Structures are given as structure tokens and as C-alpha cells.
Amino acid sequence: MNFAINNRDYTLPRLRILQTLTALLTAVILQTLLTFSDCELPQREGDSMLTLVSQDTRMVLSAEMMKKADEYFHGGVKVHNCDLNDHAHDHDHDHEHDHEKDHKHAHAHNHSHDSEQSRPEVGRDPFRWINRHIHVQEHRHLQAARSVELLPWVYAATKTSPHNIMAYESGSYILSDMLNNPRLAVEYLKDGIAHNPASVQLEMSLGELYYNKIKDAGQALTHFQSALNKSLQIDEPDEDDLFMRLRIFFYLGNNAWQNGDAIRLRSFYQKAFELWPKNPMTLAMEQWLDEMKAGK
Amino acid sequence: MSLIARQMNVLIRASLLELYRRKDLVVVFILGAVLLMPLAFATPFGFSGAHIYFNEMALLMVWFFSVFITLGVSTRMFPYEFEKRTIYPLLAKPVSRGTVVLGRYLGALSASISALVLFYAAYIILCGVRQHVWFSEVLVQAFVLHVGLLMVITAIGLTGSLLLTISANVTITLLIVFGMLLFGAKLPELADQQSLAGKIALYIAYAVAPHTEFFDLRQRLVHGWPAISWGVCAVVMAYAAAYSTACLFVADLLLRRKKL
Amino acid sequence: MSVIQLEEVRKSFGGVQAVDGLTFEVKRGEITGFLGANGAGKTTTIKMLLGFVTPDAGRIIVSGTNPSAVSTRRSIGYMPETAWYYPWLKVGELLRFYGGLCGMSRREIDPMASTLIKRVGLSGAENRQLKTFSKGMLQRVGIAQALLHDPEIYILDEPFTGLDPLARIQFRDIMAELKSRGRTILFSSHELSEAELICDNVIIMKSGRAVWNGSTEQVAGDGTRNLERVFLNIIGSDTGMEA
């Protein structure tokens with residue numbers, strides 16, 4: 001349909017006006033819906049939509065970089081049911097504990113390769129046959145001495161998003177356990193805490209690092225206490241938060257036991273008992289109390 | 001030298017001259033240097049000696065740039081001939097349209113391979129200097145299969161250029177090349193999760209689309225896995241040759257039907 | 001003896017009759033001017049002569065064979081109307097390219113190319129890429145590539161376009177020399193004065209038909225006419241520009 005006045009075509013300008021009006025109307029409706037609905041965008045005060053989106057993008061990128069590090073750990077192969085974080089979580093426990101829902105902690109190299117897991121039969125498919133020969137069908141673990149190969153991705157992951165706590169955790173594990181450089185791991189975790197001051201996990205990891213690797217109980221206690229304070233500030237703690245709190249009590253209790261402080265040990269045991277009475281960590285604390293009573 | 005050999009020779013030479021005089025390669029090398037330089041000297045956490053990430057990034061750039069150069073050369077040949085009307089003096093010579101298609105294909109492929117040789121040379125030098133490893137069987141196989149990949153991309157780009165505009169052709173070819181690289185091997189599994197129509201469509205794509213993932217030995221090369229058998233290599237190259245021939249056959253038909 | 005023959009040739013594009021029952025022939029050793037207003041069907045006819053376009057009806061014979069056969073084009077030198085060549089090549093490289101397509105060896109091409117470069121007035125520009133050439137210079141390149149394999153028949157589409165007066169004279173000399181060697185030339189042009197100067201025969205096209213086909217002597221008649229007057233009488237009747 002043309003609107004020809006004085007030989008000029010007015011179709012396009014009219015269409016543009018219609019498009020502009022439609023866009024404005026849509027914007028007004030959206031704004032109204034957002035204002036009057038209960039649903040709120042997950043924004044922090046002062047955050048714009050752009051910040052929100054870019055933060056998410058950075059987080060996604062950072063997570064991808066950690067996946068890459070995990071791939072490197074497995075010889076460039078994507079592996080299901082296992083990632084570098086599992087290894088990071090394994091390292092810290094001289095003790096045994098059982099967290100019913102914490103699958104990550106039950107790492108026993110039972111993971112499978114991407115194509116191993118659901119590897120279909122080749123049958124008469126020549127393409128599949130070729131792919132099996134071209135692409136690696138197994139995986140291996142990077143030797144500790146070569147774990148320096150993982151660092152660029154871990155470094156890039158935390159540079160991309162300093163809020164990627166798992167990246168700090170994995171990085172500190174690589175530095176302290178695989179490359180035997182706990183001092184560097186301490187610096188790295190401190191950097192993580194600076195960027196994530198509310199993180200109980202990082203504070204806890206730093207405490208563990210001092211406690212188990214550097215054997216500096218004083219520093220460790222400071223960080224365990226700080227982790228406990230942060231944990232107690234969580235308004236509605238979930239199961240993982242409570243489990244983390246239990247671990248803090250366990251470490252504090254262990255320190256009290258080693259210093260022969262039965263009063264403190266009992267106090268931490270009682271708190272642990274309230275959280276998880278049957279957990280092996282609680283039971284271990286109970287055992288220490290019994291030993292102290294028995295005067296061992 | 002026979003007439004056809006002479007015609008191929010000049011068509012190949014012209015394509016090579018085009019690539020080197022248009023300075024695309026220079027731009028790509030500068031871009032590559034700018035992107036790789038910070039990586040080459042990076043020492044995360046003060047540790048030097050991380051090589052895999054650098055090898056992977058360098059090889060990724062070799063892949064990107066070689067695909068970019070190949071698509072650039074192959075997709076603009078015929079559109080340029082038609083836009084600038086050079087097709088008329090070309091076809092006015094005693095040369096068949098089939099010869100023109102084959103000559104243009106070989107020209108684009110030669111130009112792309114010559115660029116690939118330079119890219120791999122740069123890759124070998126960069127990685128060799130860092131790791132003091134200059135040669136491996138997987139490296140040779142990776143190069144050979146990469147040539148196979150370029151054969152397929154050149155054929156698709158050239159054929160597409162007789163049907164589509166340059167930008168549409170480049171976009172579609174890139175989608176096909178990288179889409180198949182990422183999902184090619186998983187298409188049957190994806191198909192089995194679809195409804196009947198989706199299943200049929202994905203199985204057709206699996207049969208017809210170029211399996212660019214066959215040519216990807218980056219994982220073996222970068223992470224130091226053993227070489228594949230040369231028999232498999234030969235099968236993949238035969239696939240590349242067959243796929244390219246099929247594309248060129250279509251291109252020949254299209255050029256014959258093209259209105260001049 | 002005719003080297004180009006067209007009999008009742010017809011070609012239409014989407015309902016538009018570009019060539020409508022065209023019949024003419026060009027004899028060996030003659031220069032024939034192919035004239036007509038824009039859209040008269042000249043370029044379509046040339047495309048059919050080169051085998052680029054297949055006629056809907058009628059018969060075309062070039063050098064005794066079907067123009068769509070590849071071998072026919074060995075005997076044809078073609079110069080396109082708009083001369084765009086590969087801009088990254090130098091003139092010598094372009095001539096080597098076209099020479100190679102004609103099956104010439106480097107040993108045959110190189111002396112021929114250097115002679116032609118001088119002859120068309122491109123000496124001194126050998127080391128420049130074609131992207132630096134002016135339109136007139138590209139037109140000279142077009143002439144050189146058409147002459148390179150020394151064909152029997154020359155089909156030239158608007159060869160004088162973009163040439164300066166000196167180049168026109170040079171080109172006229174080249175055409176005369178080709179004629180003296182028994183070569184046949186068919187060229188389309190809007191340059192009536194050039195056509196009158198060098199043609200043996202003139203074909204004037206209108207609406208896809210040859211409305212005038214005769215020698216330049218016939219054009220002159222008793223000496224009171226010239227080509228421009230004849231052209232205007234034929235073509236101008238539609239435009240109100242009759243002589």
C-alpha cells in the first residue's frame with residue numbers, strides 16, 4: 001500500500017512511526033509489569049542490567065576456563081562425573097567424613113570419558129569408525145610435576161571473574177598440593193578473600209592450608225574463627241553452609257583437643273552435635289572428649 | 001604441457017598472486033602476533049613452563065586463520081568474476097566451464113595450502129623454540145588432515161559462491177564448518193532424542209554435511225597423544241577428495257546454468 | 001567466404017525479445033560495424049556468437065562450427081565492453097594468464113606480450129598492477145589480450161570507449177593491419193564516425209532485428225549521405241530525431 005502525495009512515497013516513514021510507537025508501547029508495558037509484579041530481577045543495589053549481564057558472562061567464561069583446566073588435567077579429554085574441583089576437595093582431609101549429599105567429596109576416579117560413557121556401537125557407520133580413530137577414546141591424569149600446565153586457565157578464570165570461588169579453590173590446590181608451593185596458595189586464597197569477603201569457603205580453605213600444610217595453628221585458628229563468623233552471618237543457611245560450619249567446629253575442636261582444652265572442645269562438640277550428631281566428624285570429636293576424660 | 005595443464009597452471013598462479021598481493025596474509029600474521037605475543041611471555045603465578053595452553057592457542061589461530069583465508073579466497077572468486085565481468089574474457093578463451101571450476105578450485109586450494117604451510121611453519125617455530133620439540137608424526141598427520149579440511153572448505157565455498165552472495169556464503173559455510181566440528185560426531189545421539197521429523201533431518205545432515213571433525217587432530221597434537229594409523233589418514237583424505245569432487249560437480253552444473 | 005553466419009536467430013529474456021529473427025553474415029577479411037541504439041540487441045548477439053548465451057531459435061555458425069564448442073573460441077579474440085581485469089596482476093602477468101588459457105607456452109607469450117604492450121601504448125606501465133590503471137589504459141589492455149593468440153576472428157564490444165584520440169588512431173591502425181592479414185573483425189560501437197572510417201560493412205540493429213545491412217559505399221550512396229544520417233533515419237524515427 002503506497003501513500004503517494006505529490007509523487008513522494010510516504011510508506012516508509014509511516015512504517016517507521018508505527019515501529020517506533022510499537023517499541024515504545026512494549027517498553028511501557030514491560031516497565032509496568034516489572035514495577036507492579038512481585039518478581040524482581042536478581043540485582044544488587046546500584047547494579048544496572050548491563051552490569052548484571054556482563055557479570056554473568058564473565059562468570060560463564062570463567063567457568064568455561066575451569067572446564068578447560070579440567071580437560072588439561074585429563075589429557076585434553078572431556079570427562080564426565082569428575083572435575084578438577086573434586087581433586088581440590090579431596091586434598092584437605094586427613095580425616096574421613098561422610099556428607100550424605102556431597103557427591104563431590106566421594107571422588108574415587110569412577111568418572112568416565114565423554115565417549116566412553118555412552119559410547120555407541122560402531123555398527124555399519126563408517127563416520128563413527130573414523131571419529132573413534134581420530135579422537136582420543138581414553139583419558140589420563142596429568143602428572144603432578146606437569147600441573148603447571150593447568151595454571152594459565154586457573155589464573156585466567158579468576159582474572160575473568162574474581163567471584164569464581166571454585167577457581168580459587170582449585171588453584172590453591174594445584175599450587176599447594178600438586179606444585180608443593182603452599183605459600184603461593186596462601187597468597188592466592190588471600191586474593192580470593194579480598195574479592196569475596198563473604199566467602200566462608202575461601203576463609204576455611206585458607207585456615208586448612210595453614211593448619212594442614214604450613215602447620216601454623218595460630219594463623220589457621222584466626223581464619224577458622226573468621227570463617228565461623230562469616231558462616232554465622234548467613235541468614236538462611238542451607239545444608240552445604242551447615243556442613244561447612246560443622247567442618248569449622250571440627251577443626252576448632254581438633255585444635256582444642258591438641259592443646260588439651262577440654263572446655264573448648266566440649267563447646268565445639270556440642271555445636272557440632274546440634275548440627276550433625278551422626279557425622280563422623282562429630283563422632284571423632286566425641287571420641288577425643290572421651291579420651292580426655294579417660295586422661296589419655 | 002597439455003592445454004588443460006597449461007590452463008590449470010595459469011589459474012593457480014593467478015590465485016596465488018591474488019592471495020599474496022592482497023596482503024590478507026600480512027594482516028593475519030600481524031593479528032596472530034598481537035594475539036600470541038602476550039601468551040608467549042605470560043608466566044601465571046610466576047611459573048614458566050606451561051606449554052600446552054600456548055600450543056593450543058597457536059594451533060587454534062592456525063585453524064581460524066586458515067579457514068578465514070580459505071573462505072576469503074574461495075568465496076570471492078566467482079562473485080568477483082561476475083561483478084567485474086572478468087568472466088567474459090575468461091570464458092571467451094578456449095576453456096570449458098568445467099576447467100574454469102576445477103582451475104579456480106585448485107587455485108584457491110593452492111593459495112590456501114601455501115598460507116597453511118606458512119602458518120604451520122610459524123607454529124613449529126613458536127612451539128619448537130619454547131619446548132625444543134620440532135617434529136612429531138602427529139604434527140605431520142595434523143597438517144595432512146588440515147589440507148583435507150581446506151579441500152572440503154574450498155569446494156563448499158566455491159560452490160556456494162555460485163548460489164549465494166559472499167556474506168551469506170561465508171556465514172553459512174562457517175556455520176557448517178564449525179557446527180560440524182563441534183557437533184558432527186554427536187549428531188546420531190542428538191537425532192535419537194528427537195521426534196521423527198527431527199530425527200530424519202539430523203540423520204540427513206549427518207550423511208550429507210561435511211564431517212569437519214574428521215580433520216581435527218589438535219587434541220592429539222597438543223596433549224601429546226600417539227599418532228593415528230596412516231590408513232585412517234588415507235580414509236579421511238579419500239573422504240575429503242570425494243566430498244570435494246561432489247561439490248565441484250555441483251559447481252560445474254551451476255556455472256553451466258548461470259546466466260551470463 | 002563467411003566466417004560468421006546467423007540465420008533467423010531469436011533470443012528472449014523473460015518475455016522481452018532481445019533478438020528477433022536476426023540474419024546476417026560476415027565475410028573473411030572484412031571489418032563489420034555492428035551499430036544500434038542501447039537495447040537494440042547488439043550485446044546479446046555478441047554473447048551468442050561467443051557461446052555465452054544459447055539462442056532460442058535459429059542457427060549460428062562461427063568459423064564453421066557451433067560457437068558453444070570450446071574449440072571455436074581458439075579462433076576468436078574478444079574484447080569486452082567494460083574492461084575490468086584482475087587488479088592485482090601486472091599487464092604482462094595478465095597476458096600470460098590469458099595466453100596460458102589459450103594454450104600458449106611462456107616462450108610464445110612473452111615476446112608477443114612485449115610487442116603488444118608497446119603496440120597498444122602501455123610501455124613503461126609493465127611493472128604497475130592493473131589497479132593503478134586508468135579506464136583508457138585498461139581498454140588498451142583489453143585490446144592486447146584480444147590480439148594475444150592471433151585469432152582469425154575479432155569480436156570487439158565498444159572498443160573505442162574510453163580511448164583518447166591518439167589511442168583511437170593507434171587502434172584504427174591495428175584494425176587496418178589485422179584486415180590486411182586477412183583477419184575478420186566484428187565490432188559493436190556507438191562511434192558512428194569511427195565506424196564509417198574503418199568499416200567495410202555496417203549492420204544497424206533495431207529491436208533485435210538487422211534493419212540495415214550493407215557496405216559503407218551503400219551508406220554513402222550518391223555522396224549526399226553519411227552513416228550518421230542513415231542511422232538517424234532508421235533509429236531516430238522512434239525518437240523524433242530524424243535527419
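## Close-up views of a predicted model

**View 1. Helix α1(B) crosses helix α2(C).** α1(B) passes α2(C) in a left-handed crossing. The model shown here and in the other views is predicted. α1(B) packs against α2(C), residues 91-101 of chain C, at an angle of about 150 degrees. The two axes lie 7 Å apart. The angle makes α1(B) roughly antiparallel to α2(C), because angles over 145 degrees count as roughly antiparallel.

**View 2. Residues where α1(B) meets α2(C).** From α1(B) come R6(B), Q7(B), N9(B), V10(B), A14(B) and L17(B). They meet E93(C), R96(C), F97(C), G100(C) and L101(C) of α2(C). By class, the residues of this helix contact are 5 nonpolar, 3 polar and 3 charged.

**View 3. The contact of chain B with chain C.** Here 22 residues of chain B are in contact with 27 residues of chain C. On the chain B side, α1 (3-21) and α4 (87-91) each supply at least two residues. Which element of chain B gives the most to the side that touches chain C? α1(B) does, with 9 residues. The chain B side holds 11 nonpolar, 4 polar and 7 charged residues.

**View 4. The contact of chain B with chain A.** Chain B puts 25 residues into this contact, and chain A puts in 20 residues. Four elements of chain B give two or more residues each: α3 (52-83), α8 (187-192), α10 (218-223) and α11 (230-257). α10(B) gives the most to this side of chain B, with 4 residues. The side of chain B that touches chain A divides into 17 nonpolar, 4 polar and 4 charged residues.

**View 5. Chain A on its own.** Chain A has 13 helices and 4 strands. It has 296 residues, and 36% of them count as buried. Take the contacts in chain A with a separation of 6 or more. Of these, 56% join residues 24 or more positions apart.

**View 6. The loop residue T165(B).** T165(B) sits in the loop between α6 (137-160) and α7 (166-183) of chain B. Is T165(B) buried or exposed? T165(B) is exposed, because it has 12 other C-beta atoms within 10 Å, and a residue with 12 or fewer counts as exposed. F119(B) is 46 residues from T165(B) along the chain. The C-alpha atoms of T165(B) and F119(B) are separated by 28 Å.

**View 7. An open sheet in chain C.** This sheet has 3 strands in the order β2-β1-β4. It is open, and its pairing is antiparallel. Which strands form the edges? They are β2 (16-27) and β4 (57-62) of chain C, and each pairs on one side only. From one strand to the next, the twist averages 20 degrees. Strands of a sheet pair through backbone hydrogen bonds.

View 8. Strand β1(C), residues 2-13, runs antiparallel to β2(C), and 9 bridges join the two. Two bridge pairs can be picked out. Q5(C) has E25(C) of β2(C) as its bridge partner. R10(C) has D20(C) of β2(C) as its partner. The hairpin has 2 residues between the strands. G14(C) in this hairpin takes a positive phi near 55 degrees.

View 9. β3(C) covers residues 31-36 of chain C. How many of its 6 residues are buried? The count is 6 of the 6, so β3(C) is largely enclosed by the rest of the structure. I31(C), G33(C) and L35(C) point one way from the strand. T32(C), F34(C) and G36(C) point the other way. Residues pointing either way are buried.

**View 10. Parallel partners of β3(C).** β3(C) is joined by 5 bridges to β7(C), residues 184-189, and the two strands run parallel. In this pair, L35(C) has S189(C) of β7(C) as its bridge partner. β3(C) is also joined by 5 bridges to β8(C), residues 201-206, again in parallel. Here F34(C) has I203(C) of β8(C) as its bridge partner.

Terms used. Residues are numbered from 1 along each chain as its sequence is written. Chains are lettered from A and ligands numbered from 1 in the order in which they are written. This is a predicted model: local features need pLDDT of at least 70, side-chain atom pairs count only at pLDDT 80 or more; totals for chains, interfaces and linings use all residues. Two residues are in contact if their C-beta atoms, placed from the backbone, lie within 7 Å. Ala, Val, Leu, Ile, Met, Phe, Trp, Tyr, Cys and Pro count as nonpolar, Asp, Glu, Lys and Arg as charged, and the others, Gly among them, as polar. A residue is buried if 20 or more other C-beta atoms lie within 10 Å of its own, exposed if 12 or fewer, and partly exposed in between; C-beta atoms are placed from the backbone. Two strands pair if DSSP finds at least two bridges between them. Axes are lines fitted to C-alpha atoms, for helices over the stretch in contact, and angles run from 0 to 180 degrees between N-to-C directions. Angles under 35 degrees count as roughly parallel, over 145 as roughly antiparallel, 65 to 115 as roughly perpendicular and the rest as oblique. A crossing is left-handed if the near helix is turned anticlockwise from the far one by less than a right angle, and right-handed if clockwise.
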